[in-house]
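Let's go through how to read pockets and a ligand site in a model. Here it is.

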Amino acid sequence: MTIGFIGLGHMGGPMAANLVKAGSAVQGFDLSQPLLGDARDKGVTACASLAEAVAGVDTVITMLPAGKHVLSVWEELVASVPSGTLLIDCSTIDIDSALKAHEMAAAKGCPSLDAPVSGGTGGAAAGTLTFMIGGAEQAFADAAPIFQAMGKKIIHCGGASAGQAAKICNNMILGISMIAVGEAFVLGEKLGLSHQALFDVASVSSGQCWSLTTYCPVPGPVPTSPANNGYKPGFAGALMLKDLKLAQEAAQSAGATTPLGAKAAELYALFNELGNGDRDFSGIIDMLRQQSAAKP
Ligand code: NAD
């Protein structure tokens, strides 16, 4: 299979490398020359333009920062590929842009999927990403081997944009639950409770959740969590804010009431304003602790 891969950044670079490992010929393009060089070192054919990267391919994958990048790249894509080429966007983008991208593909006679991921850069490198997929059943079935080369869990969520919907709903839960777990540890500290004691109780009680048991925001109880590594991401605060804003945008246009999602977006905006955009999102516990310490 020959695949065009557009956007070879933190996520796209290792994803393209895993497609090569699985035996696909991958033609890659990125605006950044150094990233093209890195991709070449991993067996990707580095192309000088988008048109060159998509020439003669069966499938094109995009992994780009935001909706506006995806729409401008897909506009060029549909002008360059023959009808029938499978187009897959793995970026995390707003629902409206995802729907527009599907419409552009349909107008050209190309099957299309929105397929955002979770699992971060570690999952991209290890080939263990979770893919949340929106689009037609047949396109999903055709693309299954491609997703299997880059991921471990592959879930068809429904029609066009259902993958993006699942991604932003999941990450809204994650943002809210990380703040909840951080607040509980800060309150526990004020009450003289050790981190380990709270972890031992909550991890086997009704407070149990991923933010606690896999990604514990204090050092100690879960040795692999970013708290043990100076909050090096992992999943950066800037990306959490991006996803919470997408959830709020979607909630407003769909008419859903999400008061805790709105509050989480506000708190992560403050976390970013305080210069924490490059820190892991679980570092928000420090901000909560500082705010608590400031109180009489
Ligand atoms: P990134 O900024 O490292 O990579 C994006 C790449 O797209 C950059 O290298 C940029 O040069 C390239 N690009 C932009 N416009 C382009 C164009 N017109 N043509 C060709 N290349 C272009 O970002 P990332 O961390 O790889 O994230 C990509 C997407 O995945 C985002 O939507 C992000 O929200 C999502 N995501 C990221 C993570 C993570 O942990 N980094 C986790 C899950 C989802």
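Q: How much space lies in the second largest pocket?

A: First, a pocket is found on a 1 Å grid over the protein atoms alone: it's an open set of points where a 1.4 Å probe fits, with protein on both sides within 12 Å along at least five of seven lines. Volume is the space filled by probe spheres set on the points, which are joined across faces, edges and corners. Here that's about 260 Å³. Bear in mind that this is a predicted model, where local features need pLDDT of at least 70, side-chain atom pairs count only at pLDDT 80 or more, and totals for chains, interfaces and linings use all residues. Residues are numbered from 1 along each chain as its sequence is written, and side-chain values use heavy atoms, leaving out hydrogens and water.

Q: Which residues line the second largest pocket closest to its centre?

A: Lining residues have an atom within 4 Å of a point. There are 16, and I168, L246, A247, A250 and A251 sit closest to the centre.

Q: Which element gives the most to that lining?

A: Helices are DSSP runs (H or I, at least four residues), numbered from the N terminus. The top contributor is α11, with seven residues.

Q: Which residues come nearest to the ligand?

A: Near means a heavy atom within 4 Å. Of the 21 residues around the ligand, the nearest are H10, M11, D30, L64 and K242.

Q: What is the distance from a ligand oxygen to an N or O atom in the side chain of D30?

A: A polar contact pairs N or O atoms within 3.5 Å. For the D30 side chain it's 2.6 Å, while for K242 a ligand oxygen is 2.8 Å from a side-chain N or O atom.

Note on methods
A polar contact is a pair of N or O atoms within 3.5 Å; within protein, one must be able to donate a hydrogen and the other to accept it, and residues adjacent in sequence count only if both atoms are side-chain atoms. Helices (H or I, at least four residues) and strands (E, at least two) are DSSP runs, numbered from the N terminus.
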